Amino acid sequence: MKSEIIQRLTEIVGGDNIYTALEDLYCYTYDASFVKADIKKDLAGVAVYPGNTEEVSRILKLANLEKIPVVPRGAGSNVSGGTISIGDCIVLVLKRMNKILEIDRKNLIAVVETGVITGQLQSEVESVGLFYPPDPASQAFSTMGGNVAECAGGPRGVKYGVTRDYVIGLEVVLPTGEVINTGGRTIKNVTGYDMTNLFTGSEGTLCVITKIIVKLIPLPEGKSTMMAVFSEIDQACETVSEIIAGGLVPCSLELLDNIYIKNIEEYAKVGLPTDAGAVLLIEVDGDSEILAKQIGKIEQTCRRLGAVQIRIAKTKEEANELWRARRSAFAAVSRVKPTIIGEDATVPRSSIPVAVRRIQEIAAKYNIIIAILGHAGDGNLHATILTDATDLEEAARVEKAIDEIFVATVEMGGSLSGEHGIGRAKSKFITRQTGEVGLEVQHRIKQALDPNNILNPGVMFGA
Amino acid sequence: MERSFESWEKEVIRCIRCGACQNVCPVFKELQAESTVARGRVKLISGVITKELDLTEGFSDKMSLCLMCKACVVNCPSGVKVDKLVEAARKEIAEQKGLSLLKKLIFRLVLKNRWVFNTGMKAGSVFQGLVFRKGPQGQGMLPRMSLGLDKRRLLSPLAPKSFRSGYPQVIKVSGAKLRVAFFTGCMINYIYTDTGNAVINVLKHNGVEVVIPSLQNCCGTPVRINGDYESAKEMAKANIDVFWKEEVDLIVVACGTCGLALKEEYAELLEDDPIYAEKAKKLGVLVKDFTELVVSLEGFADRIGHLPMKVTYHDPCHLVRGLKVKEQPRQIIKSISGVIFNEMQKSDTCCGSGGSFSLAHYELSTQINDHKVNDIKQTGAEVLVTGCSACRMHIADGLHRQNVPVKVIHTAQLLEMAYTAKNNS
C-alpha cells in the first residue's frame, strides 16, 4: 500500500485505529471458514477501524478513487470466507461502531450501529420483555452488521425465520462513498425497490452497512424442551416431517446423528444410548398454557414413529441438561480429528431423509468421516467433516466430497447455503443454483452500485 | 526429548478460528485488533511454525500481550490450550533470541537464588521509604519519583521482615489432626505477610500443624511463562527436593498461580526427567488451596464471631480456572455471620494484573482493571476478598486510582478476622 494512502487513512481514522504491521495484517488472512489465504498474495495493505459513518464514507471515497479493494469485516466469524483479505486491500473493521442507539418499545423496533454484538442486543431487549430471535451459533461474539450482511440464521429459524425477516431499515455507505437510508421504522413499506432486502445477505459486495433497524417481537412467556431417541435416522427424519405436517411449529428442532451421539456420550455423559441412530432435540415456546399440549402432541408423534426413548424436561435445569448434549456436540467431535469443517447445505424439509443418505454415501465413497447435525426443522443440515488439515491426501478427498455434496444439494432442489453465505468458499458453484442468466443479473446489480469492483471482490462472483 | 516448538502444530490446527475467544479475552476487549485475541495469537504461532512468519520483534510483542488468564481456554469449543501455545512461543523466543538483559538478571540471578532474593528484598525493605511515600488510608505506597513505573502506581511495600523469617519451621499445635506444608510464594513472603499470618492463625485455630520449609524458592511461574525453561526447571527441582523431604499430609498454598505450578505444571515441565517427573506427580496430588483445605476441616465455621461488613469476591484466574476453586472461598465467606455477600458481575474475569504483564503493559492493565473496579463498585462492598496476592496488589492500585474506598484482603484474612471477632466478644 502506498504510504500516501496510509497517510490519508490515518488522517481519517486516527493513528490508534490503523494497522500496517505484518503481524497485525497476518491476522486478517482468515475468518471462521476453511478458506485458506495465500500470505504472499493475499496479505492486506492496511486494516482500519473507523468510528462513524462519515469515516466509512471517506474511506470508501478514497478507495474508489484509487481503485483499492475493500474487505468489510465485523467479528470475522463468518464461515464462507467473506472477510478474508485479498492482496493489497483495505480491511475495514466495523467493531468500533458498537452502540445500541435505541430500543423503541412503542414501535417494537431497535436501532443499532453495525458493530453491536448480536447477543448483547438480545439480552438488552429481553430485559424489557422483547425478543430478537435470530440466533446464529456465533451470537455471543458476531456483530449485527455481519449477521445482516450474511443473513445469518440459527436453530430458531424453523419458527421465527432468519435475520432477513427482522431487518426493516438500513443506513449503508455505497462503494462510491454516498450514504443512503433504506426502508425505515414501519412494518409496511413499499416505496421503491426493496433495497433493504437486497443489501441483507449481500455479503459486503454492494455496500457497507453502518446502521440497522430491526423489528422486535414480544418475548415468549415460556419454553418446553424434550429429547427423543430413535434407533434409525430415517425414523427421526420422518418424525420431523410429521411434526411439521401436523401443524406444529417448534422453535427448535435439532437432529444429531450416530457419530455425534457416540462422541457426545463419551465426552459429556448425558445418558444417550450410543447405538441410537439419531436424536431429536425439540423445543416449543409460547404461552405457558399451551406448552404442555404442544409437547404432548409431539411426544405422540415421536412414539408413533418409533422413538425408543423420550425425555421431557420438567424444570429449567432439566432443559439445560438436555441442551448440554447439543451444546457439547462440537467439542465432542473435535476430539476425534483436529480439523472440523462445517457445511450448511439446505434442502426442502421433506427431502431430509434423502439428503442424509446422500451425505452418508458420499462419506463412504471418499472414505472420510462426515457427522450430521442439523436444524432439521428448516432443512438446514450441517454436514460436519472431521479431518486433519495436515494430511494433504485426505484434504484432497475432503474437497471432492464437499463439491459432491453441493451438487447433490442443488439436485434435490436445495440451496448451496442456508445461512453461512457463498463467500469465497462456494462461489464456483453459484451458477448451479442461479443459472447463467441469474448470475448475470446479479452481476449487473453489482456493477451498477460498484463500478470499480472495490467492495469485497471475489466474494459470490469468484475471482 | 524436550518438546519442540514445531510439535505444537497438532494443537494449533485444532483452532477452527470460530472467534468465540473474542467474547472473553480481556486484552482483546481493550485493543480490538485481531492480533490481540486468542485466535490471532494461535494463527501467528501457526505462521511461525509453518515458516510463513519469522520470529520477529513484532511477533514477540504480540506474544507478550497475553495475560495467561485462561479465559479463552475454558471458553473454546475445541478446547485449544492457548496458554500453553503462548508459553511455547515465548520459550522459543527466549531460546532463539535470548531474554532481555533485565529479565535475565531477575530470572537467573535473583529469583533462582534464594539468598540473593532475600538479601535484595531485605535491603529493599529498608530503603524503599526513600523512593516511595505512603498511600491513602495507610494502604500501599506510591512512587515519589519516576522509576519507569507510573507515578500513580500504588505498590504494596516490602515487609520489614519476610514472612518466613518470622516463624519457626514447624508451628506445632497440640493434638494436631493434620500436618501440612505451606508453600508461601514470593508475594506472601516479602509483601503480604498479613496473608501468611492469617493462613497460619486459621490453620492453628483448626488444629492443623503447619510446616514452613525455609529452603523453599519462588515457584518459577514468572520465569516459565516468560520462556526461561532452563531456570524454571531448576527452580521446580529445588522446590520438589525441599517438599519431598517433608512428612506431611498436604501441601497448602494461598496463591492459585503457585498452586497450579506445584499441582500440575511441574509434572509437565519435568515430564522428560526420569526422577523428577514421578516426584512432581506425587507431590502434585498433595497440593490444595487454602480454601479447599479449610472447607474440608470439620467445624471450621464453629466459633466464628459476628463480622458486620459488606463483602464481594474476585476469582483469581489461576485459582478458578487453574485449580478450579470457585465455591470454597464463597462457602467460607457465607459461613460468617454478619457478612453481607454481594457477587459482582463477571467475578471471574481477569483483573488485568497477569503478574509481570502489568509491569510491561501498565496502561493496558489499568484499562482492564477499570472494569473490575467498576464491577466492585456496583456491589456496594466495603471489602473485596480474593485469593491471590497479585490480584490484591493490582486491584488495590485500581481502587486507589479511582478513589474507591474498598479494602482488599485475602480469604484467609477474612476468616482470621471472624475468629478474632469471636475471641473478642
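The model is predicted: local features need pLDDT of at least 70, side-chain atom pairs count only at pLDDT 80 or more, and totals for chains, interfaces and linings use all residues. Residues are numbered from 1 along each chain as its sequence is written, while chains are lettered from A and ligands numbered from 1 in the order in which they are written. Helices (H or I, at least four residues) and strands (E, at least two) are DSSP runs, numbered from the N terminus.

**Chain B overall**
- Chain B has 21 helices and 11 strands.
- Of its 425 residues, 54% count as buried (20 or more other C-beta atoms within 10 Å of the residue's own, with C-beta atoms placed from the backbone).
- Among contacts in chain B between residues at least 6 apart in sequence, 76% join residues at least 24 apart; two residues are in contact if their C-beta atoms, placed from the backbone, lie within 7 Å.

**Helix pair in chain B**
- The axes of H13(B) (residues 256–269) and H14(B) (residues 276–286) come within 8 Å and cross at roughly 165°; axes are lines fitted to C-alpha atoms, for helices over the stretch in contact, and angles run from 0 to 180 degrees between N-to-C directions.
- H13(B) is therefore roughly antiparallel to H14(B), a label given to angles over 145 degrees.
- B:Leu262, B:Lys263, B:Glu264, B:Tyr266 and B:Ala267 in H13(B) meet B:Ala277, B:Ala280, B:Lys281, B:Leu283 and B:Gly284 in H14(B).
- By class, this contact has 6 nonpolar, 1 polar and 3 charged residues; Ala, Val, Leu, Ile, Met, Phe, Trp, Tyr, Cys and Pro count as nonpolar, Asp, Glu, Lys and Arg as charged, and the others, Gly among them, as polar.

**Sheet in chain A**
- An open, mixed sheet of 4 strands has the order S1-S2-S4-S3 (chain A); two strands pair if DSSP finds at least two bridges between them.
- S1 (18–19) and S3 (70–73) of chain A are the edge strands, each pairing on one side only.
- S1(A) and S2(A) (residues 46–48) run antiparallel and are joined by 2 bridges; A:Ile18 has A:Val48 in S2(A) as its bridge partner.
- Helix H1 (residues 3–13) of chain A packs on the sheet, touching S1 and S2 of chain A, and its direction makes about 15° with that of S2(A).
- Helix H4 (residues 53–66) of chain A lies across S2, S3 and S4 (90–93) of chain A, running at about 165° to S4(A).

**Contact between chains A and B**
- 29 residues of chain A are in contact with 28 residues of chain B.
- On the chain A side, H2(A) supplies the largest share, 4 residues.
- That side has 18 nonpolar, 6 polar and 5 charged residues.

Notes:
Angles under 35 degrees count as roughly parallel, over 145 as roughly antiparallel, 65 to 115 as roughly perpendicular and the rest as oblique. A residue is buried if 20 or more other C-beta atoms lie within 10 Å of its own, exposed if 12 or fewer, and partly exposed in between; C-beta atoms are placed from the backbone.
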